[in-house]
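Let's take a walk through a protein model together. Have a look at the picture first, and then we'll go through it piece by piece.

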Amino acid sequence: SLRSFPAEAESLADIREYVRGLAQIARLPERTTEDLVLAVSEACANAVVHSGSSSMQIEWRPGPDRVEIDVRDQGRFRNRVRLPSVDGPGGFGIPLMAALTEEVVIEEGTRRRPGTTVRLTKRTERP
């Protein structure tokens, strides 16, 4: 399943509802669903704040024992050390996504090939 959303803060509630709906169709446990909703919301919030992109795409790929979700934008990812005195609070997005999922892979966009993809992988069955 692939869907585009405007890269703006107002989209985040719709995105959470979209992911929750897909998780319910897949009959995922509530805890797994909430972890995915929060992780995807965080990835999208990062795209809204940092990408300079007008839209973002969410691709949901279920497998037999896991689900992969890609969050794509058309911007450039900049992984840099935060300075709370300059940047203000926040900035816990990547560690939070890592805590909620089994794997976070970030494919960085470049000047020649803009577009960052954040791939979140979550197990859907007990090991």
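**Starting in the sheet**

In strand β5, Arg 119 is the bridge partner of Asp 70. Strands here, like helices, are DSSP runs numbered from the N terminus (E, at least two residues, for strands; H or I, at least four residues, for helices). Before we go on, a word about what you're looking at: this is a predicted model, where local features need pLDDT of at least 70, side-chain atom pairs count only at pLDDT 80 or more, and totals for chains, interfaces and linings use all residues. Residues are numbered from 1 along each chain as its sequence is written, and side-chain values use heavy atoms, with hydrogens and water left out.

Strand β3 (residues 66–73) and strand β5 (residues 117–123) run antiparallel, paired over seven bridges; two strands count as paired if DSSP finds at least two bridges between them. On β3 there's also strand β2 (residues 55–62), again antiparallel and again over seven bridges. A hairpin of three residues links β2 to β3. Further along this pair, Arg 61 has Glu 68 of β3 as its bridge partner.

In general, strands of a sheet pair through backbone hydrogen bonds, either parallel or antiparallel.

**A closer look at Glu 59**

Glu 59 lies in strand β2, and its bridge partner in β3 is Asp 70. The side chain of Glu 59 makes a polar contact of 2.6 Å with the side chain of Arg 72, and another of 3.5 Å with that of Arg 61. (A polar contact is a pair of N or O atoms within 3.5 Å; within protein, one must be able to donate a hydrogen and the other to accept it, and residues adjacent in sequence count only if both atoms are side-chain atoms.) Glu 59 and Arg 119 are 60 residues apart in sequence, yet their C-alpha atoms are 9.3 Å apart in space.

**Two helices**

Finally, find helix α1 (residues 12–25) and helix α2 (residues 30–50): their axes come within 9 Å and cross at roughly 145 degrees.

Technical notes. Axes fitted to C-alpha atoms, helices over the stretch in contact; angles between N-to-C directions.
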